[in-house]
Amino acid sequence: MADTLKVETAALTGTRRRGLFYGWYIVAAAAAINVYGAGVWFYGFPIFFKVLLDEFGWSAAAGAAVISLSRLEGGLEGPIIGWAIDKFGPRRMAIIGAVIAGTGFFLMSAVAPVSIGPIHLSAFVVFVLLYAGWMSIGYNTGFGHASQAAVNAWFNRKRSRAFAVFSLGAGGSGLTVFALGWIVNDFGWRTASMMAGVGIFVIVIPLSMLLRHKPEQYGYLPDGDEPGRPDDAPPSASNATATGRRALASARAWASDYDFSVRQALISLAFWMLVLGTTARAVAMTSVVIHQVNYLTNVRAIPLVQASAALGAMVTISLVGRLGFGVLGDYVEKRYVLIGCAMLQALGIYILANATNVFMVWLFVVVYGIAYGGAIPVFMAIVGEYFGRRNFAAIRGWMQLCHIPATVVGPIYAGWIYDTTDSYQIAFMSFIVALILGTMFLFIARKPEPPVRPG
């Protein structure tokens, strides 16, 4: 009510905001945060994954269990962190998360066996507690939920485009991945981890200060719309008085952008169809990213630097899908766009599983990169479109919680297949089948009716 009153007051007094809508500054800051964060955490982990296996002699399944446990922690905390972001705002939570993640990278650079009296912890246990616990809390809080909630709150009509630009940040992190691979290769993974932590404090925290919660708190409407006044009308008191009723009507019309409560979302068919439809995408994306470098180096005998370059290129090429499909999502029904991305993703995995030469590897990089990149902004946008803005972070958190079984089991399953067969073939084929089945659920996931019709 207070937010709407502020908008109505701004409309009646003739307040007019000139220049670029501040929501786009938020999108730019959130994207820049992901350029760095996604590069050193999500997409960068496969590089750490490879060298950690070599140094400590861990199995591929055990190594994959670490990232699976981090997904488990992220899913379990999702509803709680989502609630905190909706209540306290994304800026505060983003800064807190960045501090936690940054200190975690510092500690990760010193991972070794630890003995405290009679208690002895192996390097693997120490790494699990640090990466899947402390660091995961920081990343999921500061880099994932907070940025998405900020972007969703500032846009309605242009939501898919905004998320497309936002997701370009994670796509642009391919350069960060390549730099990380070079540092690991030339200076060692411990040095790379220390430098990653420094970067969070120097780059991410200042950018996090630009995030804001809701546009109404600053006298804006979503998308930069202005209530009740034609664009060419001068911002005068007399004009504001003459158009006062129209301003109030416009502000109230904006309020018809309905918001589901968390409970209302959880009992809707659309929520569960989206969860089931995107579960396959979540498990495939996580598993392929984690195991890609190990697959290319150990199965296809490609040097680490080239395998890292292929991973970085896949992330970079995903920019095409993020922007293209993200913009398309504002003009074509989003669930159909998601279905198309899932089918292309399945094709990309098929190409990877049967790659016998460098050309096929790079064909996979292009097809899979565009497909999985395109699904990212569209999925974010469809959640906002279906369930509104007020409880976006909490609802996304519940979705993440529901994805836990797949995101935890998938990478471990792929690692176990590799450990027992010296091949990822069975795992890759399983992901293809799952993606195809997921499209059936997405087809059913139609936009739900609003819980309360605006009067």
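Predicted model: local features only at pLDDT ≥ 70, side-chain atom pairs only at ≥ 80, totals over all residues.
**Two packed helices**

Helix α7 covers residues 159–172 and helix α14 covers residues 304–328; their axes lie 8 Å apart, at an angle of about 180 degrees. Because of that angle, α7 counts as roughly antiparallel to α14. On the α7 side, the residues that meet α14 include Ser160, Arg161, Ala164 and Leu168; their partners in α14 include Val315, Leu319, Arg322 and Leu323.

Is Ala164 buried or exposed? Ala164 has a relative accessible area of 0%, so it is buried. Leaving aside residues up to four places away in sequence, Ala164 touches Arg322, Leu323, Gly326, Val327 and Pro377. Ala164 and Met380 are 216 residues apart in sequence, but their C-alpha atoms are 9.3 Å apart in space.

**Salt bridges**

The whole structure holds six salt bridges. Among them are those in the table.

| Salt bridge | N to O distance | Relative accessible area |
|---|---|---|
| Glu216 and Arg389 | 2.6 Å | Glu216 1%, Arg389 10% |
| Asp259 and Arg390 | 4.0 Å | Asp259 25%, Arg390 47% |
| Arg335 and Glu333 | 2.4 Å | Arg335 3%, Glu333 37% |

Glu216 is buried, and Arg389 is buried as well.

In the pair of Arg335 and Glu333, Arg335 counts as buried, whereas Glu333 counts as partly exposed.

**A buried histidine**

His291 is part of helix α13, residues 269–299. His291 counts as buried because its relative accessibility is 1%. Apart from residues up to four places away in sequence, His291 touches Phe49, Ala60, Ala64, Pro411, Ala414, Gly415 and Tyr424.

**A nonpolar surface patch**

Which residues form a nonpolar patch on the surface? They are Leu269, Leu328, Tyr331, Val332, Tyr336, Phe443 and Ile444, and together they have about 670 Å² of accessible area. One of them, Phe443, is found in helix α19, residues 425–444. Phe443 has a relative accessible area of 41%, so it is partly exposed.

Methods:
Residues numbered from 1 in each chain as written. Heavy atoms only, no water. Patch = residues over 30% accessible without salt bridge, like charges linked within 9 Å, V, L, I, M, F, W, Y side chains within 5 Å. Areas by Shrake-Rupley, 256 points an atom, 1.4 Å probe, with all protein chains shown as cover. Salt bridge = Lys/Arg side-chain N within 4 Å of Asp/Glu carboxyl O. Helix = DSSP H or I, 4+ residues; strand = E, 2+ residues; numbered from the N terminus. Buried < 20%, exposed > 50% of the residue type's maximum accessible area, 1.4 Å probe, protein only. Axes fitted to C-alpha atoms, helices over the stretch in contact; angles between N-to-C directions. Parallel < 35°, antiparallel > 145°, perpendicular 65-115°, else oblique. Contact = heavy atoms within 4.5 Å.
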